[in-house]
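Subject: Structure handover

Hello,

Please find the structure below, with the sequence. My notes on what was found in it follow.

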Amino acid sequence: MRTGLIAVGVAAGCLVASWSLLILLARRLPPGILRDLAAFVPDCVTTVRRLRKDPRVPRRAKLAVAIAGLWVISPIDLIPEFLPIIGPLDDIVVVALALRYAARQVPREVLLGAWPGEPRLLLRLLGAAGT
């Protein structure tokens, strides 16, 4: 039992360390599309956290963004994260669908207020569903 707990602790520590390293490296990227893509998933996680706490967001929209947030932080994925380029694709698709669903129920100002990144990225993501 003790060995299992140690193994889980080491695995969790490695996961947190790798995420921290990726975030640090992403912040060092020059401005442009690569930096935007690297910041997309962390911005989505922040948005999910903020929308979940906002009283102006209906319960169904909160549930949708909470499920998307759990999907992003879950270590189980349809496409493994270690695959270059396409690894985070399933996370991006799930979050995009959840945000588009929430955009139909939440005022655009609330979504834009919860989004920490470039507003143009969120507006492009929302497309017709955000209007």
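**Helix packing**

The axes of helix 3 and helix 4 cross at roughly 170 degrees and come within 9 Å. Axes here are lines fitted to C-alpha atoms, for helices over the stretch in contact, and angles run from 0 to 180 degrees between N-to-C directions. Helix 3 and helix 4 are therefore roughly antiparallel to each other; angles under 35 degrees count as roughly parallel, over 145 as roughly antiparallel, 65 to 115 as roughly perpendicular and the rest as oblique.

This is a predicted model, in which local features need pLDDT of at least 70 and side-chain atom pairs count only at pLDDT 80 or more, while totals for chains, interfaces and linings use all residues. Residues are numbered from 1 along each chain as its sequence is written, and side-chain values use heavy atoms, with hydrogens and water left out.

On the helix 3 side, Arg60, Ala61, Ala64, Val65, Ala68, Trp71 and Val72 meet residues of helix 4, among them Asp90, Asp91, Val94, Val95 and Ala98. Contact means heavy atoms within 4.5 Å.

Helix 4 (residues 89–103) also packs with helix 6 (residues 119–126), at an angle of about 80 degrees and with the axes 9 Å apart. Helix 4 and helix 6 are therefore roughly perpendicular to each other.

**Overall make-up**

The protein has six helices and zero strands, and its pattern along the sequence is α-α-α-α-α-α. Helices (H or I, at least four residues) and strands (E, at least two) are DSSP runs, numbered from the N terminus.

Of the 131 residues of the protein, 29% count as buried. Buried means under 20% relative accessible area, exposed over 50%, and partly exposed in between (1.4 Å probe, protein chains only). The protein exposes about 8,900 Å², and carbon and sulfur atoms supply 70% of it; accessible areas come from the Shrake-Rupley method with a 1.4 Å probe, and for residues only the protein chains shown count as cover. Among contacts between residues at least 6 apart in sequence, 55% join residues at least 24 apart.

Ala61 is found in helix 3 and is buried, with a relative accessible area of 0%. Leaving aside neighbours within four places in sequence, Ala61 is in contact with Tyr101, Ala102, Gln105 and Val106. From Ala61 to Ala102 the C-alpha to C-alpha separation is 4.8 Å, although the two are 41 residues apart in sequence.

Asp43 sits in helix 2 and is buried at 14% relative accessible area. Not counting residues up to four places away in sequence, Asp43 touches Trp115, Pro116 and Gly117.

Neighbours within four places in sequence aside, Thr46 is in contact with Ala114 and Pro116.

**Salt bridges**

Side chains of opposite charge can pair when their charged atoms come close. A salt bridge is taken as a side-chain nitrogen of Lys or Arg within 4 Å of a carboxyl oxygen of Asp or Glu, and by this rule the count comes to two.

One joins Arg56 and Asp54, whose closest N and O atoms are 2.9 Å apart. Arg56 is exposed, with a relative accessible area of 56%, whereas Asp54 counts as buried at 12%.

The other joins the side chains of Arg120 and Glu118, at 3.9 Å from N to O. Arg120 is partly exposed, at 48% relative accessible area, and Glu118 counts as partly exposed at 42%.

**Nonpolar surface patch**

Leu15, Trp19, Leu70 and Ile73 make a nonpolar surface patch of about 380 Å². Patches are made of residues with over 30% relative accessible area and no salt bridge: like charges are joined within 9 Å, nonpolar side chains (Val, Leu, Ile, Met, Phe, Trp, Tyr) within 5 Å. Helix 1 (2–27) and helix 3 (59–73) each supply at least two residues of the patch. Leu70 lies in helix 3 and counts as exposed, at 55% relative accessibility.

Regards
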